Amino acid sequence: MTLGRKLIFSASLAAIAAGGSAWAQDAEDDDRKLDIVTVTGSFIPGTPEDAALPVDVLTAADLKLEGNPTITDLIKNLGVSSGSDGQTNQFASNGLEGTSNINLRGLGPARSLVLLNGRRQTFHPYGIGEQAQLFVNTNNIPSAAIGRLEVLKDGAAALYGSDAIAGVVNFITRDDVDGFEFSAEYSQFDGSDGDYRLSGQYGLQGDNYNWVTTVEYQKRTEVPLLEKDWAISSFADNPVGGFSSLSNPGYYVDLGNGAPVSDAAGCTALGGTLAPFCRFQFTQFDNLVEEEEQLKVFTEYNREINGGDLHLELLYSNIDVPEWKTSPSYPPQALTGQVVPSTHPGYLQYQADNPGAFTGAPALFIGRTFGWGGFPGTGGAQEGSREYDAWSFSGSYNGTFSNDVNYDFAATYSTVEGYRLTNDTYVGGLSAALNGFGLCADQITGTPNAGAVAGQGGCEYYNPFSNAIQSSAITGAVNPGYVAGLENSVALADWLTDPTETTNDTSLLVLDAVFSGESNVQAAGGAVGWAAGAQVRRETYKVDPSDLTDLAVTPGLGGTGPFSFLAGTNSADEDQTIYAVFGELQIPLFDNLDLQVAARFEDYGGEVGSTFDPKVAGKWTINDNFALRGNAQTSFRGPTLNQLSGTVTTLQFVAPTSAFKAVDQFGNPNLAPESAFSFNVGGLFENGNFNASIDYYSFDFSDPIIVEEQSSIVGAAIAALGTATTDDDGIISRITFTDNNNDGLNQANEISRISTNVVNGPDIETSGIDIRAENVWDMGDNEFSLAMDMTYILEYVVGDLDVEGTTLAGGDRVDQFNRSNFSRSLPQWKANVTANYSMGDHNFRGVLRHIDSYEDERGDVTGNGSDDIDAQTTVDLFYNWQSQWDLDLGLSIVNAFDEDPPFAAFDLNYDPYTHNPFGRTFKISVTKRFGGF
């Protein structure tokens, strides 16, 4: 095996679990696999030995030795991946349950291009809320269909165009299945009822054709946060651990004397914490994992026709989260309308039970509609849903003309429709119900029906006092202050609450034409290879809100919609067409020096404009043991359609209010494209059975498209409130305050909404080092290998940002949690060490995974004297048996020593972008193959 082939082969094995030797296979099979590989990052056909690019290749055999991980787990274990979404967690992903994405180098999922068999796929129709980034939902791809995964860890806009700034991940499907193949997997961890995945594949292999179909079903069961003792903390241990200052029981302001009144007895009886008023821990009603079902079908047909190869493929995916659990109700953004009249029966009873607590004047209720007593309709959490349907069709025809010029023509169309339903409380309906007109008023305006009488004739009072709550929805503890007849009925709760609903869809049509071949130009090392092509992409993005959610139909009393927490949105129907031409040369300057030169011109039209991006890469094989490689390029990404217009509201924790608040995010039609210059230099070494590689990478961004960070705006606005001058008051315009105590002064705890814009942000510079090493020991018929891979981030420096005349400071964000800015978590280094032993039909593997400690840049949020998020080291164990009866058995123990995720000052007490929260996980898998018929 040549040096180049050995080095790339070893890198492919090291990519996810630091290498390790694959199951012993005969040399003929190895050569066959290498011959068909065309490395992502080039349009010129070849094998990995031709590449001068940092590409990791994972085969289906590699994945089997790792227990056939889900797409989400696979991505999270990649050393170059940092800050990806995927674990079900509404506080981190803002409504992206059921999705997964790829975030290479921590540069953002929108900057990592995802391909399926080399073809683009459309974006998921719901973006990452706090970043306004659309991404490809990798959960749509059936794991059983994956034959190979190629990860290009470098900018590739010169060949692939927009979105390939951080790199490219190419999922390549299996076309070698012959007959039936069935797989069943079951996994379980503490607190789970078990997850399972079933798949079936059927392949027909003819003389000049093959047809392979995969069907996969995956079921995840619900895991409440209460099942994990580390996920629920006390207020003293973590005041930001899912606690809100807007509770139920809440507290009140006596409008007769302005004094606050705490419902202390009701709060503590039902499980709340006084600090100084009742704190509600909404996470006790949430899930770590939502119930989820995934059904995926993929079929591909390949046939030789008239000297060319026809390829057809179809993908369908349905992902359903039918009962997404959330807080019994959300905290209202404006509290001034929650006035309890002096004649309210619950109010009168409270005064009778607590003489002297009030003056008898009306009171302002500071709290949410339903809390510790649960939502009456469910007895606990409020429920919503998410569902996504994805389709993708691709057809291509490739071959060679009589003049030895290769051609590849393709058309790909993909579309995703998403539906989200989230319930919230009517502003107008709550005001009417506080005055006794529940069930007999207009919920939007709060206007009572003609002839309605408060509390009579079917009209009901909404009771905000603890005497309405019979028992705790969490512990079942009986409330001694409960008074029968004062409870809020199920009918009233349903009347007060309705869903915000949106149906979003995206689509992408791509037409590709690529020509390639060997030129007549001869370099010292051989003929110059070439490729040239053109691409047309048409993208669409649609938002179809329900009437209650559509601001054009239902603006509500304040113009943000009819609900107290979730703002409405506007319908959208946007499209854009992008045209591109590109070219590539492979120049063997000498026998041991190969050069790749590429360039792409891409035109978005309109205000976005066009770009020209060149790339150069080379590999110098110095001797049989050592080679050098390097590349440099510019990259470009135009704004996506969701970033150019519209309004999106996300739910984010606002520290000065001790509650989640609505953060309104406004699109920007004047966005400029973002661009980057990146380069990579590295060395490859091989001596006998030892091989290693080291690469240095660097990215320099200009005008990155970001969303202004709300916590920075809030901090600057609070500082401006405390100054006597007015020159810094511009930033205050981004905050909407509610004057809870009627003193006419804006205060930090009175923040109700925050406005942010999608903007071209400050420059970003990041660099780091990738290291891979492996040694293989031949032991007769057996084989042992030891391998390591590590990614070390040297810097991630973000410049300053100006917002309304106020400078928001940047800085180096490596080794930080980054909850106070637009970046994601960035531990300085991650490493995997793998030991693998193959013994005939048996294979044993152990993987030690380490994630470095990092700091919470906000400081000591909890008051425990530390701002560190500890390092985590886990051990995964795998056993595989490949029997002589075409039956495979796999046993896995992930996180064998049951390490809890390190504590982080966050809603769930851990960092969901970085750590696995499940603990020790057992998994068994069985695969049975039946030969072709």
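**Note on strands and disulfides**

1. V253 has P260 of β12 as its bridge partner. Strand β11 covers residues 251-254 and runs antiparallel to β12, with three bridges joining the two. Strands here pair if DSSP finds at least two bridges between them. Helices (H or I, at least four residues) and strands (E, at least two) are DSSP runs, numbered from the N terminus.

2. A word on the model. This is a predicted model, in which local features need pLDDT of at least 70, side-chain atom pairs count only at pLDDT 80 or more, and totals for chains, interfaces and linings use all residues. Residues are numbered from 1 along each chain as its sequence is written, and side-chain values use heavy atoms, with hydrogens and water left out.

3. Which strands make up the open sheet around β11, and in what order? There are four, in the order β12-β11-β19-β18, and the pairing is antiparallel. The edges are β12 (260-262) and β18 (339-340), each of which pairs on one side only.

4. Strand β20 (residues 382-400) is joined to strand β21 (residues 406-425) by 16 bridges, and the two run antiparallel. S394 has its bridge partner, T412, in β21. The two strands form a hairpin, with five residues between them. In that turn, D404 has a positive phi of about 70°.

5. β21 also pairs with strand β22 (residues 497-523). The sense is antiparallel, over 20 bridges.

6. How many disulfides does a search of the whole structure find? It finds two. The criterion is a pair of cysteine sulfur atoms within 2.5 Å. With the bonded cysteines numbered in sequence order, the pairing is 1-2, 3-4.

7. Take C267 and C278. Their sulfur atoms are 2.1 Å apart. The link is right-handed, with 85° about the S-S bond. Buried means under 20% relative accessible area, exposed over 50%, and partly exposed in between (1.4 Å probe, protein chains only).

8. The other disulfide joins C440 and C459, with sulfur atoms 1.9 Å apart. The torsion about its S-S bond is about 135°, so this disulfide is right-handed. Where do the two cysteines sit? Both C440 and C459 are in the loop between α9 (427-434) and α10 (490-496), 19 residues apart. C440 is buried at 8% relative accessibility. C459 is buried as well, with a relative accessible area of 7%.

9. T650 counts as buried because its relative accessibility is 3%. How far is its C-alpha atom from that of L877? The two C-alpha atoms are separated by 40 Å, and the residues are 227 apart along the chain.
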